Amino acid sequence: MRANGRLRTTVPSSTIRNLGILAHVDAGKTTLTERVLFATGTIHKRGEVHTGTTVTDYDPQERDRGITIFAAAVSCTWDGHRVNLIDTPGHVDFSDEVERSLRVLDGAVAVFDAVAGVEPQSETVWRQADRHGVPRIAFVNKLDRAGADLDTAVRSLRDRLGAVPLVVQLPIGREDSFAGVVDLVAMRALHWPAGADTVVSGPVPEALREEAGRRRRLLEETVAELHAGALEEFCADNALGDATLARALRELTLSGDGVVVLCGSAYRNRGIEPLLDAVVAYLPAPSDMPPVRGTADGAEQERAPDPSEPFTALAFKVTATATGRLTYLRVYAGTLRKGATVLDAATGRTERVGRILRVQADRHEEREEAVAGDIVAVVGLKAARAGTTLCAPGAPLLLEPPSVAEPVVSVAVEARVNADTGRLASALARLAEEDPSLVVRSDPETGQTVLSGLGELHLEVAVEKIRRGHGVEVVVGRPQVSYRETVVRGVTGLVHRHIKQDGGAGQFAHIVLDVEPLEGTAFEFRSTVVGGRVPQEYARAVEAGCRDALAEGPLGGFPVTGLRVTLTDGSTHSKDSSEMAFRAAGRFGLREALRLSTVELLEPVAEVTVSVPEEAVGGVLGDLAARRGRVRGSTAEAGTAVVTAVVPLAELFGYASGLRGRTRGRGVFTSRPAGLAPVPASVAAALPAG
């Protein structure tokens, strides 16, 4: 259907699939996305990561570095279904992009390297998907590589992720001779002839019939153990029909009780069509999802994924392009039309939607409307940020925004030329608007502008974006990590009186505080005052004052975390007590309590996995020890040693170049955040104040 020369988007939500591609860096996500676009006829020439010609890695930095940095949305059609894909980054420094994407997706394809199996970032993104309850199917990629083994990769899914793999394919050929798969659900062979772009279906090869039958039986038994309906048929017939098996696989995928596993080689264009069939068959449509839940007037409400419901959407990404400021939306309910006025549910402001765009990475196609289940970009919104809820003005509903990771690395930045200082400030503000995990602040002591992010590469990319996108030459200081202070042993019964009398109305607040360590939570406040000695509004003011005091600890002025403060007693004055007075009492009282407590310094640490030739492992272990690393394990296979260690993040700056030099370019490493750990006293003494 057309309106004013533009396509309308009214398609049933049951024929939409919103999914992300998740994986460790270099597992083949972007190549897989490119092959999906080619197989669906969306593009007519395959691009390659190594030549910088893929659709989704369109940013110049992505093409230069050969990795995905920014989540990119594309859309294609397959078997009468519209598939909205988001190709997500695989590097740990850009995990916040993955977090924001998972918040709005209905399903995901997790990609694994057939040689390496589950890798550190594979596990990280898998846990992120677990937190959001996103159903997944797995694609074991690179079966054409030397050392590739489907069974080993599947075993790592079971052991490392705790998943229940439901393997629905059997490879035909090994490593370089990998040529196709046996579909264990339909019991047919799928071949991809050399040089051909299409799949050829046929009977299962004679040499594989026995093994295919054995694996089909194993699949049926596993499904019957997990699915009540399948168990009933299996007990009655001692087998499962194809239709029952397919239905059970879908229901197990949606419930998260099982993970359908497929395999192939994206680079060689093998396994793409059955993967798309599995996406349509097993992953949920927006209509399969439960109603979205939010709050309105302090009460929890829900809204069904129906175009006739009041419009409700969540902004999950903001970018500045030549087209204008693009705000990416997931529409959960209702219909959004071009020119409509929408309400920011958090601020109460209204804005007008100028244009609605279907996104193909860096290309856009204009639409007249978007309906429940759609992922689109809109032009015209000036104030919306990632996490903003947009809704119909007459039916406000505030959705939970995506969580934002706390920055762990900071650098001082300044314009090389003083005349560019204003342009640098504008560029930094735009960066922070586009990426909520980037934080810009001014150091009150030095006056320097400090840029904080999730890792060294994260900050490198941000600085390079300023240089390329805004034409500002930037001078960057040495990276600094974000230290924290925590309470090891607290105090009880600390009495603090805030009394101020300087003419006119005075200030009086009397409080008694207990401070104790708290694991797993940054801060908790509670009041056990009875008899109304400290009214509730004053208790809330004490909590606000305590939160103010957490900004600077007694050791080095670093933020304080991991403590519980209990207000146990206090008193008021009939005239001089106020919320301001009790807030001041909370702030100064907790500062005094922290000075009397035993406090230690914490630093961010990372779990590092280093792969090196066996002959270089001694030097690598020595270097990790020099960096205050604690080795957790070491394995060796086929001449390669894999060392796992926990290393302070401050000691990892420049580690990549050092490792390359020590191993003659043959060593690689990956890292992921591993929380906070105490700083040795000798190291803490040498640190500057926060």
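## Close-up views of a predicted model

**View 1. Asp 149 sits in the loop that runs between strand 7 (136–141) and helix 5 (150–161).** Helices (H or I, at least four residues) and strands (E, at least two) are DSSP runs, numbered from the N terminus. This is a predicted model, in which local features need pLDDT of at least 70 and side-chain atom pairs count only at pLDDT 80 or more, while totals for chains, interfaces and linings use all residues. Residues are numbered from 1 along each chain as its sequence is written, and side-chain values use heavy atoms, with hydrogens and water left out. Asp 149 has a relative accessible area of 18%, so it is buried (buried means under 20% relative accessible area, exposed over 50%, partly exposed in between, with a 1.4 Å probe and protein chains only). Leaving aside neighbours within four places in sequence, Asp 149 is in contact with Ala 114 and Arg 174; contact means heavy atoms within 4.5 Å. Look also for Gly 117: its C-alpha atom is separated by 8.9 Å from that of Asp 149, and the two residues are 32 residues apart along the chain.

**View 2. Asn 269 lies in the loop between strand 13 (259–263) and helix 9 (272–282).** Asn 269 is buried, at 5% relative accessibility.

**View 3. Pro 310 belongs to the loop between strand 15 (299–303) and strand 16 (312–321).** With a relative accessible area of 31%, Pro 310 is partly exposed. Beyond residues up to four places away in sequence, Pro 310 touches Arg 303, Ala 333, Gly 334 and Ala 395.

**View 4. Helix 6 (residues 209–226) packs with helix 7 (residues 228–237).** Two packed helices are described by the angle between their axes and the distance between the axes. Here the angle is about 125 degrees and the axes are 6 Å apart. Axes are lines fitted to C-alpha atoms, for helices over the stretch in contact, and angles run from 0 to 180 degrees between N-to-C directions. The two helices, helix 6 and helix 7, are therefore oblique to each other (angles under 35 degrees count as roughly parallel, over 145 as roughly antiparallel, 65 to 115 as roughly perpendicular and the rest as oblique). Helix 6 passes helix 7 in a left-handed crossing; a crossing is left-handed if the near helix is turned anticlockwise from the far one by less than a right angle, and right-handed if clockwise. On the helix 6 side, the meeting residues are Arg 217, Glu 220, Glu 221, Val 223, Ala 224 and Leu 226, and on the helix 7 side Ala 228, Ala 230, Leu 231 and Phe 234. This contact has 7 nonpolar, no polar and 3 charged residues (Ala, Val, Leu, Ile, Met, Phe, Trp, Tyr, Cys and Pro count as nonpolar, Asp, Glu, Lys and Arg as charged, and the others, Gly among them, as polar).

**View 5. Helix 10 (residues 421–434) and helix 11 (residues 456–470) pack at about 120 degrees, with axes 10 Å apart.** Helix 10 and helix 11 are oblique to each other, and their crossing is right-handed. Helix 10 brings Arg 423, Leu 424, Ala 427, Leu 428, Arg 430, Leu 431 and Glu 434 to the contact, and helix 11 brings Ala 462, Lys 465, Ile 466 and His 470. By class, these residues are 6 nonpolar, 1 polar and 4 charged.

**View 6. Tyr 655 and Phe 669 form an edge-to-face aromatic pair.** The structure holds 5 aromatic pairs. In the pair of Tyr 655 and Phe 669, the ring centres are 4.9 Å apart and the planes are at 80 degrees. Rings of Phe, Tyr and Trp (its six-membered ring) pair if their centres lie within 6.5 Å; planes under 30 degrees apart count as stacked, over 60 as edge-to-face and the rest as tilted. Tyr 655 lies in helix 15 (residues 655–662) and Phe 669 in strand 41 (residues 668–678), so the pair ties together parts 14 residues apart in sequence. Tyr 655 is buried, at 0% relative accessible area, whereas Phe 669 is partly exposed, at 26%.
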